Amino acid sequence: MTACFSVQARAEPSVMPRVLETFAKLGLIPTRWHSDLGGRRRDELTIDLQVQGLTDAQRDHAAAVMRSMVSVTSVLVSEKRFS
């Protein structure tokens, strides 16, 4: 299974490394990562990423960690059977 995360946050330089660190601490590298600046003032950041090899508990924990980050406004999680 591949876990898919969509992270919405204020556009601040520290957001992307903190999100990536969530998976580095698990010894995992996202298989896919895409980020965009949006909003009228380009002050909103969207990060879409996919990670293989997470258990359900790890997936849920990673989402909770990201949701608790300063600047993160929402984290959506889904799964797919292919990468």
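Buried means under 20% relative accessible area, exposed means over 50%, and partly exposed lies in between (1.4 Å probe, protein chains only). This is a predicted model: local features need pLDDT of at least 70, side-chain atom pairs count only at pLDDT 80 or more, and totals for chains, interfaces and linings use all residues. Residues are numbered from 1 along each chain as its sequence is written, and side-chain values use heavy atoms, without hydrogens and water.

Q: Why is Arg10 called partly exposed?
A: Its relative accessible area is 42%.

Q: What makes the contact of Glu12 and Arg10 a salt bridge?
A: The N to O distance is 3.4 Å. A salt bridge needs a side-chain nitrogen of Lys or Arg within 4 Å of a carboxyl oxygen of Asp or Glu, so this pair qualifies.

Q: Why is Arg59 called buried?
A: Arg59 has a relative accessible area of 14%. Buried means under 20%, so Arg59 is buried.

Q: Which salt bridges does Arg59 form with Asp56 and Asp60?
A: The closest N and O atoms of Arg59 and Asp56 are 3.2 Å apart. Arg59 and Asp60 meet at 3.0 Å, N to O. Asp56, Arg59, Asp60 and Glu79 are linked in a network of salt bridges.
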